[in-house]
Amino acid sequence: MVRKTQFLLAVAAVVLCAGLAQLVMAQSGTRSYPQTQGTQATQGSASRAEAPFDDRLWSYLKQAQYRNWASLPGVPADGYPGNSPHGERVKLYVNRTAAAGQDGFRAGSILIKENYDASGDNLMAVTVMYRSEGFAPESGDWYWAKYEPDGRVSAMNNMRVSGRVGMCIDCHRSAEGNDFVFANDAQ
Ligand code: HEC
């Protein structure tokens, strides 16, 4: 009986540790930042290594069921008209860390924009901003990624659209408050 309890406790501890490790990895992102911009979209010989960070980020978002996350205050949760290059209709989802400190999104903040066509029914792409301390001080420490509706990382010129993506940064630089985020700018 005692043995059995000990065994169950050990199993519980292992499961808990694995879960925590995954969370810490996703939240802090301190482990192995891939310089994905500039790497080939094909995985090639790296296929046996750990999955690239952008893929792991997507897995985390799916698992965290980001569609249950809230929008930011003042941003309609059921979507609103977007601007190019984002969808004609867009939906915003933010994690709790982002919701807790909008006047200076804390490290670990995740902002997700779903990009739909004009009808609002067809998902075209999912664009993500993830703030990780020290990742890119010159561009607000945001990690950028664009995914196809099926979760594959989008590719441009055979490069993965993830990491320090110049195209995203150049435009988001014009957001007020120098935080690279538009959604919290005065409406
Ligand atoms: C030409 C300008 C432009 C480019 C390029 C651009 N964005 Fe945006 N983005 C915007 C604007 C404007 C908004 C807010 C307005 C809206 O909802 O459409 C926005 C909103 C967002 C948001 C919601 C948070 C916020 O700032 O309001 C995310 C996340 C996002 N973009 C990610 C990306 C990613 C990732 C890329 C690159 C793959 C990218 N964006 C490229 C202009 C741009």
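Entry 1, a starting residue. In which strand is Val90 found? I found Val90 in strand S2; strands here are DSSP runs of E with at least two residues, helices are runs of H or I with at least four, and both are numbered from the N terminus. Before going further I noted that this is a predicted model, where local features need pLDDT of at least 70, side-chain atom pairs count only at pLDDT 80 or more, and totals for chains, interfaces and linings use all residues. Residue numbers start from 1 along each chain as its sequence is written.

The cut-offs are 20 or more other C-beta atoms within 10 Å of a residue's own for buried, 12 or fewer for exposed, and partly exposed in between, with C-beta atoms placed from the backbone. Leaving aside neighbours within four places in sequence, Val90 has contacts that include Tyr80, Lys113, Glu114 and Asn115; a contact means C-beta atoms, placed from the backbone, within 7 Å. Val90 and Asn115 are 25 residues apart in sequence, yet their C-alpha atoms are 4.8 Å apart.

I traced an open sheet of 6 strands in the order S1-S2-S3-S4-S5-S8, with antiparallel pairing. S1 and strand S8 (162-163) are the edge strands, each pairing on one side only. Two strands pair if DSSP finds at least two bridges between them. S3 and S4 are joined in the antiparallel sense by 7 bridges, and Glu114 stands opposite Val126 in S4. Helix H2 (residues 53-63) packs on the sheet and touches S3, S4, S5 and S8. The direction of H2 makes about 80 degrees with that of S5; axes are lines fitted to C-alpha atoms, for helices over the stretch in contact, and angles run from 0 to 180 degrees between N-to-C directions.

Entry 4, the whole chain. I counted 4 helices and 8 strands, in the sequence pattern α-α-β-β-α-β-β-β-β-β-β-α. The chain has 187 residues, of which 26% count as buried. Among contacts with a separation of 6 or more, 46% are between residues 24 or more positions apart.

A cis peptide bond joins Ser84 and Pro85, with omega about 5 degrees, and Pro85 lies in the loop between strand S1 (80-81) and S2. Asn158 has a positive phi near 65 degrees without being a glycine; Asn158 sits in the loop between strand S6 (155-156) and strand S7 (159-160). Asn178, also not a glycine, has a positive phi of about 60 degrees and is found in the segment after H4. Asn178 counts as exposed because it has 9 C-beta neighbours inside 10 Å.

How values were computed
Contact = placed C-beta atoms within 7 Å.
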